2 protein chains.
Amino acid sequence: LIIDSHGHITAPAKVYDFQAKLIARRAWMPTPKLSDDDLLPSVKHHLELLDQVGTDLQLISPRPYAMIHSLINSTVVGLWTRFVNDAIYQSCALAPDRLRPVAGLPQFRDSDITASVEELRRCVEELGFIGCLLNPDPLEGGAPPPPMSDRYWYPLYEEMCRLDVPALLHPASSSDPREPYSLHFILEESIAIMGLLNSDVFTDFPDLKIVVAHGGGAIPYQVGRFRAGEFRFGGEGDFEQRLRRLYFDTCLYSPSALRLLIEVVGADRVLFGSERPGTGSPVDPKTGTSMDDLKPVIEGLDVVDAESLAKIFETNVRAVYGSRLLPA
Amino acid sequence: LIIDSHGHITAPAKVYDFQAKLIARRAWMPTPKLSDDDLLPSVKHHLELLDQVGTDLQLISPRPYAMIHSLINSTVVGLWTRFVNDAIYQSCALAPDRLRPVAGLPQFRDSDITASVEELRRCVEELGFIGCLLNPDPLEGGAPPPPMSDRYWYPLYEEMCRLDVPALLHPASSSDPREPYSLHFILEESIAIMGLLNSDVFTDFPDLKIVVAHGGGAIPYQVGRFRAGEFRFGGEGDFEQRLRRLYFDTCLYSPSALRLLIEVVGADRVLFGSERPGTGSPVDPKTGTSMDDLKPVIEGLDVVDAESLAKIFETNVRAVYGSRLLPA
């Protein structure tokens, strides 16, 4: 099986029409009802795009750039997140063999994590979701958020462990005008990895499972710097080893980066993820294929064999997401 | 010749004793005079460290973590920067065949760039400095600084072009507690590259020469993401080509990262830089050598030949720094 661990919902305009009104009206409007007919054309189109590249199953979550975690107030964020999660549930129900649901969390910039814990529980226990997106910066560039080691996050880590679901660590938008489209993802992933690894989080939560999107931001490329830096502060130079406490997806649209990721963290820590359809979907005139058609690129690397390919495409995501991924 | 483009001054305690007092007393103290005897032991030690790894010539600049660009007031920053630049000048004069001076700039968080332009002029025209360090974030994490495309920076770019000297783009400290030692370097380099390439800077200053430290932060690893992203916004997918408008140094302490850098930007854009002695100096118990002993690591990569090695170790740095590097 080719399982793409990193996908986002393809939704009709009606969904974002609601979001725009919800924001503009500061939540003073009723939540619309989506019919299966509302969602079916988008779902069909999404499946065609997966068919084109041979993806059997994709995990879909909210579009991170649409999560609006720092906007307006927590009521808007809460209503929007619940609405999108319900749309994801309904989309997956239309294609249960092809799409599996990953929940967004209503992480508001000024709120503690309680609402996120409750929404995660609802999604997993009532709707069969298999994991969640975790945004390490719900302030979206406005000010530094609590570090990933902060007790602020602990109730969520606790609930993730109790429910036995992983998180895809995936930042969202940014209000910093210096950060062009999606650069914030890369920066916040880098900060979050360091926050998780230089702390007690994995000692306090030995069962916590976190997949870092986009090949781990800057860290696998800069691994030597952080390994060297630790020697200076009396560390044991085991940074590369600690990095393997996390998982990483392959949302990197260049062969040299995919090669480096697999070489640095090992094939057993890499989950196939393409984000198709998304940033990588444009057709590269050099190759004539979509940049997110990553399966042949990964298969063509000189650092993989049949065994590591099986891990990257199927075994690792099964191990991380557990029995909820493909119920018997 | 093996020319290391990325080194920082090794200075005696007397230098930082002055810095501490200058900060604590808010500049209300006289600047001490350094004798050659004050500096000689540090310079000798520094040269021994270069000898150990076969470096013929190193470019030395202020220690970025000691630049204190956002601290206290512009008088402190100005006095300190001038003092360090003078110490660099004096150190290089003690070993003129081995060390070449690169100036720090008194970039204060709340000041325009005038003082930096004046100090650059003094260092180059009066003292024979060959380039400067440029900190893209003189606010050191306190708030977003002006983007590299902002007119704020233009007088400095103009003066760099007039004097025909390059800058080593090198961030400094950070007040964000989420950023452990030197992570800020990587993040701000990534932001600065995007700011320079997504702007008119190189159209307005076709002769501007900028070397980005530490292998360009996250960008060479994430190049596919930014190339793909540009197609979505009507770009031509020439991001990799535009990236080659910049130069990058090899301060990356892992073979896979060095390999990726050379593969992505090309050997003609890579300058040997080790920062020795610095973050990479601890001895790696795995190899028994210092992590910043990068020459054999680069020579051992499967993406270099004799021609590209000559470029990386000598030709490129000569091209970027020009005739001031090795005066006849």
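**A quick tour of a two-chain model**

Helix 3 of chain A goes past helix 4 of chain A in a right-handed crossing (the near helix is turned clockwise from the far one by less than a right angle). This is a predicted model, where local features need pLDDT of at least 70, side-chain atom pairs count only at pLDDT 80 or more, and totals for chains, interfaces and linings use all residues. Residues are numbered from 1 along each chain as its sequence is written, chains are lettered from A and ligands numbered from 1 in the order in which they are written, and side-chain values use heavy atoms, with hydrogens and water left out.

**Helices 3 and 4**
- The axes of helix 3 (residues 74-94) and helix 4 (residues 114-127) of chain A come within 11 Å and cross at roughly 20°. Helices here are DSSP runs (H or I, at least four residues), numbered from the N terminus, and axes are lines fitted to C-alpha atoms over the stretch in contact, with angles from 0 to 180 degrees between N-to-C directions.
- On the helix 3 side of chain A, A:Thr81, A:Arg82, A:Asn85, A:Asp86 and A:Tyr89 meet A:Glu119, A:Arg122, A:Cys123 and A:Leu127 of helix 4; contact means heavy atoms within 4.5 Å.

**Helices 4 and 5**
- In chain A, helix 4 also packs with helix 5 (residues 154-163), at an angle of about 15° and with axes 10 Å apart.
- So this pair in chain A, helix 4 and helix 5, is roughly parallel too, and its crossing is right-handed.
- Among the residues making the contact are A:Val117 and A:Leu120 of helix 4 and A:Leu156 and A:Met160 of helix 5 in chain A.

**Helix 8, tucked away**
- Nine of the ten residues of helix 8 (residues 223-232) of chain A are buried, so this helix is largely enclosed by the rest of the structure; buried means under 20% relative accessible area (1.4 Å probe, protein chains only).
- The buried residues include A:Arg225, A:Phe226 and A:Phe231.
- Their cover includes helix 6 (183-197), helix 9 (239-243) and helix 10 (255-265) of chain A, together with helix 6 (183-197) of chain B.
- After helix 8 of chain A comes A:Gly234, with a positive phi near 80°.

**How the two chains relate**

Key: Helices (H or I, at least four residues) and strands (E, at least two) are DSSP runs, numbered from the N terminus. Buried means under 20% relative accessible area, exposed over 50%, partly exposed in between (1.4 Å probe, protein chains only). Angles under 35 degrees count as roughly parallel, over 145 as roughly antiparallel, 65 to 115 as roughly perpendicular and the rest as oblique.
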